[in-house]
Amino acid sequence: FSVGVSIGIAYAPHDQDNAEQLLSFADMALYEAKRNGRNRYECFHAGLRAEAHRRRLVETELRAALHLGQLQLHYQPIVDVQSNLITGYEALLRWEHPSRGMIMPMDFIPIAEETGIIHEIGARVLNLACQEAATWEGQETVSVNLSAIQFKNAGLVRTVTLALSDSGLAPQRLELEITESVLLGNNEQNVHILRELKSMGVAIALDDFGTGYSSLGYLRSFPFDRIKIDKSFVHDMCESAQAMSIIRAITELSTSLMIKTTAEGVESIEQMQRLAAEGCSHVQGYLYGQPEPASALKENWKKRR
Ligand code: C2E
Ligand code: MG
Ligand code: MG
């Protein structure tokens with residue numbers, strides 16, 4: 001057994017002289033220690049109180065946003081390097097806040113994960129993405145991001161099954177994007193869930209590859225359909241020999257394992273050409289299109305006709 005400890009500290013009477021309040025401040029400091037990677041201590045300061053207040057506000061607003069339909073999906077094309085055709089779209093979550101405007105996922109997904117609303121949000125995203133993709137004229141795939149927290153819910157496979165059956169979308173047109181954190185610590189149960197999803201015909205992609213542990217063992221523990229090369233490498237590839245070497249290693253490995261690769265964050269023709277030369281099978285990025293609402297996709301298709 002390896003035992004860890006996280007500690008939150010609040011001082012009396014400096015921080016507070018009321019026992020109940022003092023404990024709640026120590027608790028805030030404890031959560032901060034956990035957020036900062038556990039096995040450490042943090043002391044309470046006023047910023048933590050403001051941050052806790054902000055998180056509670058976002059949490060309440062998120063619950064309302066779910067019911068008011070303020071959570072929308074934007075879709076970004078994924079392009080086949082050989083044919084130059086769009087083979088699918090990644091669904092990216094946007095919060096259309098009535099007064100603060102559009103809020104990006106990085107500003108609310110972590111709070112949704114901490115508070116557990118991610119399960120409801122995740123189910124909503126799956127339903128919406130499948131429903132919208134089922135109305136597309138072509139047979140493009142739709143890629144949906146799953147948070148590692150969603151794997152803690154025993155109902156995940158059922159949520160995916162229901163999203164498919166309610167929308168009538170063929171399972172082959174759905175791809176789920178996960179990050180390495182889902183496989184962290186040789187999580188057998190999560191691998192089992194992934195296998196179940198795959199056996200339904202749903203494709204599984206490993207997102208942001210190269211940034212986390214990038215353990216090659218993960219590629220053995222589950223037969224991924226696609227590896228997504230993180231955009232930080234693509235961003236640096238034309239200036240940094242290291243970034244280029246990492247991209248080369250990932251594409252070579254994927255090619256020999258017969259796994260598709262999507263390079264994320266492709267913004268220039270030069271990046272695209274180099275990625276094509278390295279044998280990367282798909283590209284995604286502003287060069288091909290920004291994430292747009294489903295209605296804008298349909299407008300684009302109409303114009304092209
Ligand atoms: P991701 O899955 O790696 O998505 C790619 C991110 O790169 C998106 O950011 C996209 O807008 C951005 N991007 C695309 N092309 C370019 C480019 O050419 N240049 C640059 N600089 N960026 C580009 P976004 O939409 O802000 O999403 C951020 C992250 O939030 C996503 O990263 C994903 O991890 C998470 N996320 C988004 N939607 C969902 C969702 O429905 N559920 C969950 N659990 N996470 C989501
Ligand atoms: Mg993704
Ligand atoms: Mg990514």
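**Starting at Arg100**

I began with Arg100, which is partly exposed at a relative accessible area of 47%. In this notebook buried means under 20% relative accessible area, exposed means over 50%, and partly exposed lies in between (1.4 Å probe, protein chains only). I am working with a predicted model, where local features need pLDDT of at least 70, side-chain atom pairs count only at pLDDT 80 or more, and totals for chains, interfaces and linings use all residues. Residues are numbered from 1 along each chain as its sequence is written, chains are lettered from A and ligands numbered from 1 in the order in which they are written, and side-chain values use heavy atoms, with hydrogens and water left out.

**Salt bridges**

Side chains of opposite charge can pair when their charged atoms come close. I counted a salt bridge wherever a side-chain nitrogen of Lys or Arg is within 4 Å of a carboxyl oxygen of Asp or Glu. That rule gave me 17 salt bridges.

Which side chain does Arg100 meet in a salt bridge? I found Glu61 there, at 2.8 Å from N to O. Arg100 sits in the loop between E4 and strand E5 (101-103) and Glu61 in helix H2, so this pair ties together parts 39 residues apart in sequence. Helices (H or I, at least four residues) and strands (E, at least two) are DSSP runs, numbered from the N terminus. Glu61 is partly exposed too, with a relative accessible area of 27%.

Next I looked up Asp225 and Lys198, whose side chains form a salt bridge of 3.1 Å, N to O. Asp225 is in the loop between helix H7 (216-221) and strand E9 (226-229), and Lys198 is in helix H6 (residues 188-199), so the pair joins parts that are 27 residues apart in sequence. I noted Asp225 as partly exposed, at a relative accessible area of 22%, and Lys198 as partly exposed, at 27%.

Glu278 belongs to the loop between helix H10 (269-277) and strand E11 (282-283), and Arg248 to helix H9 (residues 241-257), 30 residues apart. Arg248 is partly exposed, with a relative accessible area of 36%. I also found one network, in which salt bridges with shared partners join Glu32, Arg35, Glu51, Arg54, Arg55 and Glu114.

**Pockets**

For pockets I used a 1 Å grid over the protein atoms alone: a pocket is an open set of points where a 1.4 Å probe fits, with protein on both sides within 12 Å along at least five of seven lines, and lining residues have an atom within 4 Å of a point. Points are joined across faces, edges and corners, and a volume is the space filled by probe spheres set on them.

The largest pocket holds about 1,400 Å³. It is lined by 48 residues, and those closest to its centre are Met106, Asn145, Thr179, Asp207 and Asp208. E4 gives the most to this lining, with 5 residues.

The second largest pocket has a volume of about 630 Å³. Of its 18 lining residues, Tyr31, Arg35, Arg55, Glu114 and Thr115 are the closest to its centre. Which element gives the most to this lining? I found that H1 does, with 6 residues.
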